[in-house]
Every structure is written in C-alpha cells, then in structure tokens.
Amino acid sequence: MTEQLSADDWIKQGLTALAKSGFTALKADPLAKAMGVSRGSFYWHFADLGAFHAAVLKRWREIAAEQIIADVEAGSDEPLKALLRRTFGARLELERAVRNWAAFDLATQAAVRAIDRRRLDYIESLLERRGLDAATAEARAQILYWTFLGFALSGTPVPGARLRPLLDELLRMVAS
C-alpha cells in the first residue's frame, strides 16, 4: 500500500481492527504495520491517538445508525420490518467491540449512549407511524432494543431460515 493514505483509510482500518481484535488494537504501530506504511502517516492525519479514537467512534455512529436509517427510509419494504431484518441479519462484531470498549473508556460510553438514544428514537417513530400511541411506542421500542442488544452481544449466529420467522414474530409482538 502506498504512503498516500487518507484519514478515511486509517479509520476504515481502525474499524476493521476494532471488530477483529478489540479496542486495544487501535494503536498507530499495529495499524501502520497492517497497512504496510510508517506510523508517520497516522500522525499526518491525526494529532494523537485520542483524535483517531474520536474519528473511529464518529464513523461507527454514522454506519451503525445514520446509514442504516437512511437505507431503511429509502427502501420499498415496510420500515420496521426492514430495520429488523437489516439489524438482526448484520454481522455484529463491531457492535460488540464498541460496547466492550465502552466499559473502559468514557468517550466511548458517551458515543454508545448517543447511538442508543438515536436508535431508540427512530424505533419509537416507526412504531408511532404504525399507529401506536407515544407511551406504548416508547415502551415497545425499549423492549425491542433490549432484544437487539441481547442478540448482538450473545454472538450466537442464527441461520437466516430460522431468523426470518423469529423476526416476523418479534415484529408481530411489538407492532400490533
């Protein structure tokens, strides 16, 4: 790989390393080695490790909430059903890694709280669009989100053929 890396290249490598090896892999030397460059390239783009961590967390928030929401809204499927299929069907190594990191880092805890709130607000809005009153939507959104977190943190893959009927039942339970 060439020395002409962008900050985006480093952030992508950071997300890959985070998902694969956890937050302790988010250091200039191992990332530079994995990318075949000097760590000087890292410090060209980031003032320090803290700035890099902040950029990685910002990107995680973008891909783990905003990008998913935009895709769901742009799709032709019923939004809540599309959201369930997208999130429960995703590879969740990065979700687990960020939440593990949050146990050790205050900035990461704040990022997780912010994304949890954003996701909950979105789920509530989808439930309200389906006709549920605000209080019911809020309660069911929380239950649905806890279900997602339990699933994400369990790390147990569920084959698609088995997952689809489970998601259909979950949708029926929270949205009816």
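**Ground rules.** I number residues from 1 along each chain as its sequence is written. In this predicted model, local features need pLDDT of at least 70 and side-chain atom pairs pLDDT 80 or more, while totals for chains, interfaces and linings use all residues, and side-chain values use heavy atoms, without hydrogens or water.

**Aromatic pairs.** I found 10 aromatic pairs in the structure. I pair rings of Phe, Tyr and Trp (its six-membered ring) when their centres lie within 6.5 Å; planes under 30 degrees apart are stacked, over 60 edge-to-face, and the rest tilted.

I looked up F23 and W101 next: the ring centres are 6.5 Å apart and the planes at 5°, so I logged the pair as stacked. F23 sits in the loop between helix 1 (7–21) and helix 2 (28–35), and W101 in helix 6 (residues 93–102), 78 residues apart. My helices are DSSP runs (H or I, at least four residues), numbered from the N terminus.

Then I turned to F88 and F151, with centres 5.1 Å apart and planes at 45°, so this pair is tilted. F88 belongs to helix 5 (residues 79–88) and F151 to helix 8 (residues 134–154), 63 residues apart.

I also noted a cluster of W10, F42, Y43, F46 and F52, linked by ring pairs.

**Burial.** I call a residue buried under 20% relative accessible area, exposed over 50% and partly exposed in between (1.4 Å probe, protein chains only). W101 is buried at 3%, F88 at 6% and F151 at 19%.

**Helix 6.** Seven of its 10 residues are buried, so helix 6 is largely enclosed by the rest of the structure. Its buried residues are L94, E95, A97, V98, R99, W101 and A102. They pack against helix 1, helix 4 (49–74), helix 7 (106–129) and helix 8, where contact means heavy atoms within 4.5 Å.

Definitions and conventions:
Helices (H or I, at least four residues) and strands (E, at least two) are DSSP runs, numbered from the N terminus.
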